[in-house]
Amino acid sequence: MDQRVSLITLGVADLDRARRFYEDGLGWKVTQLVEGQVVFYQLSNGLALGLFGRDDLVKDGRFDDDTGARFAGLTLAFNARSEIEVDAVMAEAEKAGAVIQKSAEKVFWGGYSGYFRDPDGHAWEVAFNPFWELDPQGNLTIPDPSTGLIPTDNGRLQ
């Protein structure tokens with residue numbers, strides 16, 4: 001199996017509400033949709049995000065559903081180029097209807113991050129990691145540990 005993720009699908013309670021959040025609130029553009037069933041957004045770094053009715057996703061995957069009211073142990077992440085961009089994205093998400101789970105702050109590993117939940121409770125981290133690089137298209141590069149530029153447990157570089 002190739003070491004990559006191609007598509008992240010979120011099961012949503014109300015597809016129209018989710019579309020309004022991502023499109024009107026965050027300014028994302030639909031790439032493909034099957035009206036009333038599924039919406040896809042091409043992300044700038046080769047990934048795609050899908051929104052699928054939660055009940056339909058439960059049926060499609062034959063999942064036992066617990067209504068999704070509790071934390072599922074999964075977060076999506078948006079890596080920013082600066083602390084200022086983190087704050088701007090958090091504010092944009094909140095204005096769009098997100099619930100701020102944790103306000104952005106300096107964190108133990110040497111970066112800056114916060115968390116919000118979209119209208120269906122899906123958790124997003126917005127983070128600036130000064131040890132990782134983003135190319136102009138937003139593709140993330142995690143440095144090779146052999147360079148010696150990796151944070152230690154206290155956030156300092158080795």
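Mentor: Strand 3 and strand 4 form a hairpin with five residues between them, and glycine 46 in the turn has a positive phi of about 85 degrees. This is a predicted model, in which local features need pLDDT of at least 70 and side-chain atom pairs pLDDT 80 or more, while totals for chains, interfaces and linings use all residues. Residues are numbered from 1 along each chain as its sequence is written, and side-chain values use heavy atoms, without hydrogens and water.

Trainee: What makes strand 2 and strand 3 a pair?

Mentor: Three bridges link strand 2 (residues 32-34) to strand 3 (residues 38-42) in the antiparallel sense. Leucine 33 has valine 39 in strand 3 as its bridge partner. These two strands form a hairpin with three residues between them, and glycine 36 in the turn has a positive phi of about 75 degrees.

Trainee: Why are strand 5 and strand 6 called edge strands?

Mentor: The open sheet of four strands has the order 5-8-7-6, with mixed pairing. Strand 5 (75-80) and strand 6 (99-106) are its edges, as each pairs on one side only. Within this sheet's order, strand 7 (residues 112-117) and strand 8 (residues 123-128) run antiparallel and are joined by six bridges. Phenylalanine 116 stands opposite tryptophan 124 in strand 8.

Trainee: Why is tryptophan 132 called partly exposed?

Mentor: Buried means under 20% relative accessible area and exposed over 50%, with partly exposed in between (1.4 Å probe, protein chains only). Tryptophan 132 has a relative accessible area of 33%, and is therefore partly exposed. Tryptophan 132 lies in the loop between strand 8 and strand 9 (133-134).

Trainee: Which residues of helix 1 are buried?

Mentor: In helix 1 (residues 15-25), they are Leu15, Ala18, Arg19, Phe21, Tyr22 and Glu23. Just after helix 1, glycine 27 takes a positive phi of about 80 degrees.

Notes:
Two strands pair if DSSP finds at least two bridges between them.
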